[in-house]
Amino acid sequence: MNELLKIKEDALSQIEACPDLKVLNDLRVHFLGKKGPIQEAMKSMKTMAPEERAAFGQVSNEVKQAITAAIDEAKVKLEAAAINQKLAEEVIDITLPSFHVHEGTKHPLTMIEEEMEELFLGMGYQIAEGPEVELDHFNFELLNLPKDHPARDMQDTFYIDENTVMRTHTSPVQARTLLSAKGKGPIKIICPGKTYRKDDDDATHSHQFTQCEGLVIDENITMADLKGTLQVFADKIFGEGREIRFRPSFFPFTEPSVEVDISCFSCGGKGCSICKQTGWIEILGAGMVNPKVLDMCGFDSKKYQGFAFGIGLERVAMLKYGIDDIRHFYSSDLRFLNQFNRKDS
Ligand code: DAH
């Protein structure tokens, strides 16, 4: 019995002092295993009297339970200590200052383009696309500009070869859209996209620029529809209350043709530097689709009419954001681009 109590004391003090889980496991194997001191002491039971044996058995069980309980308790403590130690060792030092990450922003032309798309999609238009390297046939001929037509001089053209050009406007998408509709209306599209002209770059000219074309074809379309549509455009893009003015003009693909002015959004019509003291700002070209264009593109011009317009998006952005030089759009100068819609400064 004394032997058992000594084993217990010995075990408890070693468990108490145990430094880690591995040693604890060794202690468990040693004290509770088949070859351990308790098993050893129990061998002497064979020679004991029955009462003594029962008492011995009881004590040896109590000793085993006490050791098991002590080991379990120590295990919980050592496991927690191991986790804490790991956390302490693996702690991440987040005190080093990070680099400032600059978030990009939308290009001002993209902003205008998306504003236009949202506006016209809301009025039931679809967005059409066409190639930037375009056939003369679509860029000019189907738009009532045959070869050697003097109006071709209105647009200085980059020729790829005799029959291929960098499109000088987005109007060829009108011809493409009409042809693919195979003579059947209605059509309501806009086409924003890049365009090219052989201009020397300066504050108001760029050899590459952006237009947004509009085309509506149906029965009974009149100039009043064109005017109402452009009024919505002017109010949405330049603010409620704009007035619209049509001036007679000429484009081979529209008849009649107009230049469209809006009342100056800066001075309200009184005259200022933006409207050059006139109270009006020229904003786009438009007109009723020339019946010749409809016929050439497979539409019956007796049944269908339509209107079309072409807007220079740089000009819209320059007016809206007070930009004084078209080259800013293409210089990729962050000092310019950072002025638009920044979120992180
Ligand atoms: N394509 C013309 C240009 O580049 C702009 C234009 C004028 C487009 C009248 C049209 C229109 O659709 O009806 O200068």
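The model is predicted, so to speak of local features pLDDT must be at least 70, and side-chain atom pairs count only at pLDDT 80 or more, while totals for chains, interfaces and linings use all residues. Residues are numbered from 1 along each chain as its sequence is written, and side-chain values use heavy atoms, with hydrogens and water left out. Helices (H or I, at least four residues) and strands (E, at least two) are DSSP runs numbered from the N terminus.

Two packed helices are described by the angle between their axes and the distance between the axes. Axes here are lines fitted to C-alpha atoms, for helices over the stretch in contact, and angles run from 0 to 180 degrees between N-to-C directions. Angles under 35 degrees count as roughly parallel, over 145 as roughly antiparallel, 65 to 115 as roughly perpendicular and the rest as oblique.

- Helix H1 (residues 2–17) and helix H2 (residues 21–32) have axes that come within 10 Å and cross at roughly 170°, which makes H1 roughly antiparallel to H2.
- In this pairing, Ile7, Asp10, Ala11, Gln14 and Ile15 of H1 meet Leu24, Leu27 and Phe31 of H2, where contact means heavy atoms within 4.5 Å.
- The residues of the H1 and H2 contact divide into 6 nonpolar, 1 polar and 1 charged; Ala, Val, Leu, Ile, Met, Phe, Trp, Tyr, Cys and Pro count as nonpolar, Asp, Glu, Lys and Arg as charged, and the others, Gly among them, as polar.
- H1 also packs with helix H4 (residues 50–89): their axes come within 10 Å and cross at roughly 0°, so H1 is roughly parallel to H4.
- On the H1 side of that contact are Leu4, Lys8, Ala11, Leu12 and Ile15, and the H4 residues they meet include Phe56, Val59, Val63 and Ile67.
- The contact of H1 with H4 holds 12 nonpolar residues, 1 polar and 1 charged.
- H2 and H4 pack at about 170° with their axes 10 Å apart, and are therefore roughly antiparallel to each other.
- Leu21, Leu24, Arg28, Phe31 and Leu32 are the H2 residues here, meeting H4 residues that include Lys64, Ile71, Lys75 and Glu79.
- For H2 with H4, the division is 8 nonpolar, 1 polar and 4 charged.

**Aromatic rings and charges**

Rings of Phe, Tyr and Trp (its six-membered ring) pair if their centres lie within 6.5 Å; planes under 30 degrees apart count as stacked, over 60 as edge-to-face and the rest as tilted.

- By this rule there are 9 aromatic pairs.
- In one of them, the ring centres of Tyr321 and Phe340 are 5.3 Å apart and the planes stand at 70°, so this pair is edge-to-face.
- Tyr321 lies in helix H10 (residues 313–321) and Phe340 in the segment after helix H11 (334–337), so the pair ties together parts 19 residues apart in sequence.
- Tyr321 is partly exposed, at 26% relative accessible area, whereas Phe340 is buried at 7%; buried means under 20%, exposed over 50% and partly exposed in between (1.4 Å probe, protein chains only).
- Phe120, Tyr125, Phe307 and Phe309 form one aromatic cluster.
- Arg176 lies over the face of Phe138, 4.1 Å from the ring centre, and the charged end of Lys227 sits over the ring of Phe246, 5.5 Å from its centre.
- A charge sits over a ring if NZ of Lys or CZ of Arg is within 6 Å of the ring centre and within 35 degrees of the ring normal.

**Around Gly183**

- Gly183 lies in the loop between helix H7 (172–181) and strand S5 (187–196).
- Leaving aside neighbours within four places in sequence, Gly183 is in contact with Leu178, Gly298, Phe299 and Tyr304.
- The C-alpha atoms of Gly183 and Ser301 are separated by 9.7 Å, although the two residues are 118 apart along the chain.
- Buried residues in H7 include Pro172, Val173, Ala175 and Leu178.

Most residues other than glycine have a negative phi, and most peptide bonds are trans.

- Just after H7, Lys182 takes a positive phi of about 50°.
- The peptide bond from Gly185 to Pro186 is cis, with omega near -5°, and Pro186 is found in the loop between H7 and S5.
- Another cis peptide bond joins Glu255 and Pro256, with omega about -5°; Pro256 lies in strand S8 (residues 254–263).
- Gln277, not a glycine, has a positive phi of about 65° and is exposed at 57% relative accessibility.
- Ser332 has a positive phi of about 55°, lies in the loop between H10 and H11 and is exposed, with a relative accessible area of 57%.
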